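Work through the exercises below with the sequence and the structure in view. Each task is followed by a solution in steps.

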Amino acid sequence: MQRRSGVAKIQNLSGGVGDSLASKKVLHELRRGACVWILGVKYEFPKVNEEWKKGCDDINSEIEREDETNGDGSRRDAIGDAGEVGTTAQAWAEVCEELFWDVKSRIWIMYRQNFEPLGKNGLETDVGWGCTLRSGQMMLAQALCFLRLGRAWRLRHLSFGDMSDQAEDEDDTVLDLTGEILEMLEMFFDKADNRSMFSLHQIFRRTAQALNLHARPGQWLGPAAVSQLLAEALNSCQDLGLRGCVLSDMGGGAPTLSSKILSHQSAKQMGQSMDNAWVAPGAGLEITMPILIFIPLVLGIDGLNEAYIPQLRAVLSWKWTVGFVGGTGGSSVYVIGTSHTGAPILMDPHTVKKAAVGYEDASSFFDADARVLEWSELDSSLCLGFLCQHWDDVECLCQCFLDLQREVPHAPLAYVCEDREPLPHHKLQEHGASVSMALDGSSSCIPPPLEDEDWQLL
């Protein structure tokens with residue numbers, strides 16, 4: 001099979017809400033030199049001159065002509081053409097390739113139909129009511145993927161099917177990797193099996209009852225309720241090696257964040273005594289396991305308050321982010337990064353596919369398109385997610401939120417207790433944390449504080 005270039009591959013992504021990250025318009029703008037963030041990873045595109053822009057336009061035209069072939073009848077390879085225009089073209093195409101595989105490797109969970117009856121009404125689809133749950137499942141799935149396989153894992157190393165049918169001389173690492181990802185995907189299959197502990201069936205059967213929430217199949221839920229359900233589902237699975245913790249404030253305001261509060265809240269939601277909670281090193285105990293932190297927020301009254309947008313951009317560049325569950329026009333989406341213009345990049349669950357019930361359906365989790373939306377189109381209700389695997393992650397995350405709080409004291413995303421030793425700057429750099437730099441590295445991404453009368457009271 002002939003290898004397609006990153007440019008060609010990324011152009012094949014299409015469909016969904018908003019403009020495609022792979023649209024001609026976006027690709028053309030990227031040639032001016034810009035960067036894209038996907039779940040804490042930066043993709044920086046080199047700036048190209050007018051001559052190369054024309055060359056790339058020619059390449060794109062060649063890609064569009066499906067009947068274009070080489071002399072031997074084979075399909076023309078765009079990367080070879082790009083190489084003729086110069087090394088900048090090659091570098092630009094390589095970034096496209098890397099970005100394509102990162103987006104393609106994000107786990108996409110969407111509406112399903114024809115699954116086994118759910119609830120008293122025997123619902124067989126979640127179309128029209130389950131989008132927030134599906135967005136929450138995506139955020140949880142990314143966290144589990146990062147925890148088990150690492151942030152660098154990519155779909156191109158994956159082959160679906162029965163592992164027993166693989167050739168004996170295949171690399172053992174690939175076989176182990178395939179088993180790991182399939183085992184993780186099974187947790188989200190659309191069935192009531194105990195191994196599918198994060199299916200809608202299990203969430204409503206066990207989790208909603210345990211929390212005494214009046215949530216039932218067929219009822220639309222907001223990000224705050226979904227965060228409670230997913231955290232409870234995580235904490236009921238003791239052998240996963242990951243616990244969930246919801247940090248929230250009454251009414252969706254900015255919660256207070258600190259390592260001590262995380263420790264107490266996590267232990268409380270796990271139903272454990274403080275002897276088993278996370279505590280700071282030196283206080284007598286060590287970290288017991290990684291934690292997925294949910295922070296549900298309401299950032300506006302009639303829509304997303306634009307004063308919060310720079311902070312949300314900064315958060316999506318942090319190492320620990322697993323994105324956030326948001327919405328547009330009352331329909332939930334999963335935001336995974338920011339585009340070259342700083343606009344949110346999202347995955348949309350509003351596609352209907354048949355229920356995933358076995359490994360043969362695994363490929364349906366990797367067929368997503370990244371879309372670009374305007375911040376003004378997002379709703380004010382959302383839920384941030386952060387995966388902290390070590391104690392240093394917790395400390396650095398608190399420090400980054402504290403820096404945001406100091407930059408925008410009138411409306412921070414979270415308040416941080418300041419009775420703590422600030423982390424050295426080099427410690428933050430080691431963990432990939434950056435608060436004060438814009439996404440393009442040119443200037444501060446946090447605006448100067450506005451006057452009191454310019455802010456909305458939430």
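**Exercises on helix packing, cores and loops**

α6 passes α9 in a right-handed crossing; a crossing is right-handed if the near helix is turned clockwise from the far one by less than a right angle, and left-handed if anticlockwise. The model is predicted: local features need pLDDT of at least 70, side-chain atom pairs count only at pLDDT 80 or more, and totals for chains, interfaces and linings use all residues. Residues are numbered from 1 along each chain as its sequence is written, and side-chain values use heavy atoms, with hydrogens and water left out.

**Exercise 1.** Describe how the axes of α6 and α9 are placed, and state which residues meet.

*Solution.* 
Step 1. Locate the helices: α6 covers residues 131–149 and α9 covers residues 223–235. Helices are DSSP runs of H or I with at least four residues, strands are runs of E with at least two, and both are numbered from the N terminus.
Step 2. The two axes come within 10 Å and cross at roughly 45 degrees. Axes are lines fitted to C-alpha atoms, for helices over the stretch in contact, and angles run from 0 to 180 degrees between N-to-C directions.
Step 3. α6 and α9 are therefore oblique to each other. Angles under 35 degrees count as roughly parallel, over 145 as roughly antiparallel, 65 to 115 as roughly perpendicular and the rest as oblique.
Step 4. On the α6 side, Thr 132, Leu 133, Gly 136, Gln 137 and Leu 140 make the contact, and they meet Pro 223, Val 226, Leu 229, Leu 230 and Leu 234 of α9. Contact means heavy atoms within 4.5 Å.
Step 5. These residues divide into 7 nonpolar, 3 polar and no charged. Ala, Val, Leu, Ile, Met, Phe, Trp, Tyr, Cys and Pro count as nonpolar, Asp, Glu, Lys and Arg as charged, and the others, Gly among them, as polar.

**Exercise 2.** Find the residues that touch the most other members of the largest nonpolar core.

*Solution.* 
Step 1. A nonpolar core is a set of buried Ala, Val, Leu, Ile, Met, Phe, Trp, Tyr and Cys residues joined through side-chain atoms within 4.5 Å. Buried means under 20% relative accessible area, exposed over 50%, and partly exposed in between (1.4 Å probe, protein chains only).
Step 2. The largest core has 77 residues, and those touching the most other members are Ile 38, Ile 107, Leu 185, Phe 188, Phe 198 and Phe 365. Its largest share, 10 residues, comes from α6.
Step 3. Leaving out residues up to four places away in sequence, Phe 188 touches Ile 109, Gln 137, Leu 140, Ala 141, Leu 144, Phe 198 and Phe 365.
Step 4. A second, separate core of 40 residues includes Leu 316, Trp 318, Leu 382 and Cys 400.

**Exercise 3.** Is Leu 39 buried or exposed, and is Asn 114 buried or exposed?

*Solution.* 
Step 1. Leu 39 is in the loop between β2 (34–38) and β3 (41–45), with a positive phi of about 45 degrees although it is not a glycine. At 2% relative accessibility, Leu 39 is buried.
Step 2. Asn 114 is in strand β4 (residues 111–118), and its phi is near 65 degrees. At 59% relative accessibility, Asn 114 is exposed.

**Exercise 4.** Where is Gly 329 found, and which residues does Gly 329 touch?

*Solution.* 
Step 1. Gly 329 is in the loop between β9 (321–328) and β10 (331–338), and is exposed at a relative accessible area of 69%.
Step 2. Not counting residues up to four places away in sequence, Gly 329 touches Glu 377 and Asp 379.
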